[in-house]
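Trainee: Hi! Could we go through this structure together, starting with whatever I need to know about helix lengths?

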Amino acid sequence: MTDRTERPLADERAGQDAATPFTPDVVEQIARHMNGDHAEDNVLIVRGLGGVEAASAARMSGLDADGMDFEATVRGVAVPVRIPFRQRLTERRQVRGEAVRMYQEACAALGLEPRH
């Protein structure tokens, strides 16, 4: 007999990549926030930390426990960019701290004063 207390977690993570603690819905929510509220920050992150200085735009396209993925636009061409987290994340609340760190480090690398 199966213990029903274990099923919801298993059902919730069905189809989820084992490398990430984040469900597809959580990734979508985070991407919507980053792309809607921090579009300019995304560009700075891919320029300063991703080595794509010519990026004219960037959107967060995904994330897992080890890093955040972006799609940068360089001269009209989409370029994938992966920015690793400082440590493996295990909880959603850790993402904000890593995103802030990325933004601050990108500003420092580009010689800019962070706006927030």
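Mentor: Happy to! Start with a definition: the expected span of a helix is 1.5 Å times one less than its number of residues. Keep in mind as well that this is a predicted model.

Trainee: What span should helix α4 have, and how far apart are its end C-alpha atoms?

Mentor: Helix α4 covers residues 93-110, which is 18 residues, so it should span 26 Å. Its end C-alpha atoms lie 27 Å apart, which agrees.

Trainee: Nice. What follows α4?

Mentor: G111 follows α4, and the phi of G111 is positive, near 70°.

Trainee: Let's step back. How many helices and strands does the chain have?

Mentor: There are four helices and three strands. Reading from the N terminus, the order is α-α-α-β-β-β-α.

Trainee: And how much of the chain is buried?

Mentor: Of the 116 residues, 34% are buried. The accessible surface comes to about 7,300 Å², and carbon and sulfur atoms hold 49% of that surface.

Trainee: What share of the contacts joins residues 24 or more positions apart?

Mentor: Among contacts with a separation of 6 or more, 43% are between residues 24 or more positions apart.

Trainee: On to the strands. In what order do they sit in the sheet?

Mentor: The order is β1-β2-β3, in an open sheet with antiparallel pairing. β1 (57-64) and β3 (77-84) stand at the edges with a single partner strand each, so one side of each has no neighbour in the sheet. On average, neighbouring strands are turned by 25° against each other, direction ignored.

Trainee: How many bridges join β1 to β2?

Mentor: Seven bridges join β1 to β2, the strand at residues 67-74, and the two run antiparallel. To see one of the pairs, find D64: its bridge partner in β2 is G67.

Trainee: Which helix packs on the sheet and touches β1 and β2?

Mentor: That is helix α2, residues 24-37. The direction of α2 makes about 160° with that of β1.

Trainee: Which residues are buried in α3?

Mentor: In α3 the buried residues are D41, N42, V43, L44, I45 and V46. The elements covering them include α2, β1, β2, β3 and α4.

Trainee: Why does D41 count as buried?

Mentor: Buried means under 20% relative accessible area. D41 has 5% relative accessibility, so it counts as buried. Leaving out residues up to four places away in sequence, D41 touches Y103, R115 and H116.

Trainee: And what is the value for N42?

Mentor: N42 counts as buried at 0% relative accessibility. With residues up to four places away in sequence not counted, N42 touches M34, N35, A58, R59, M60 and F70.

Trainee: Where would I find R88?

Mentor: Look in the loop between β3 and α4. R88 counts as partly exposed, at 48% relative accessibility.

Trainee: What does the side chain of R88 make a polar contact with?

Mentor: With the side chain of D66, at 2.7 Å. R88 and G67 are 21 residues apart in sequence, and their C-alpha atoms are 8.0 Å apart in space.

Trainee: Last one: where is G50, and which residues does it touch?

Mentor: G50 is in the loop between α3 and β1, and it is partly exposed, with a relative accessible area of 29%. Not counting residues up to four places away in sequence, G50 touches I45, V81 and I83. G50 and P84 are 34 residues apart in sequence, with 9.5 Å from C-alpha to C-alpha.

Trainee: Thanks, I'll look for these in the viewer!

Terms used:
Residues are numbered from 1 along each chain as its sequence is written. This is a predicted model: local features need pLDDT of at least 70, side-chain atom pairs count only at pLDDT 80 or more; totals for chains, interfaces and linings use all residues. Side-chain values use heavy atoms; hydrogens and water are left out. Buried means under 20% relative accessible area, exposed over 50%, partly exposed in between (1.4 Å probe, protein chains only). Contact means heavy atoms within 4.5 Å. Accessible areas come from the Shrake-Rupley method with a 1.4 Å probe; for residues, only the protein chains shown count as cover. Two strands pair if DSSP finds at least two bridges between them. Axes are lines fitted to C-alpha atoms, for helices over the stretch in contact, and angles run from 0 to 180 degrees between N-to-C directions. A polar contact is a pair of N or O atoms within 3.5 Å; within protein, one must be able to donate a hydrogen and the other to accept it, and residues adjacent in sequence count only if both atoms are side-chain atoms.
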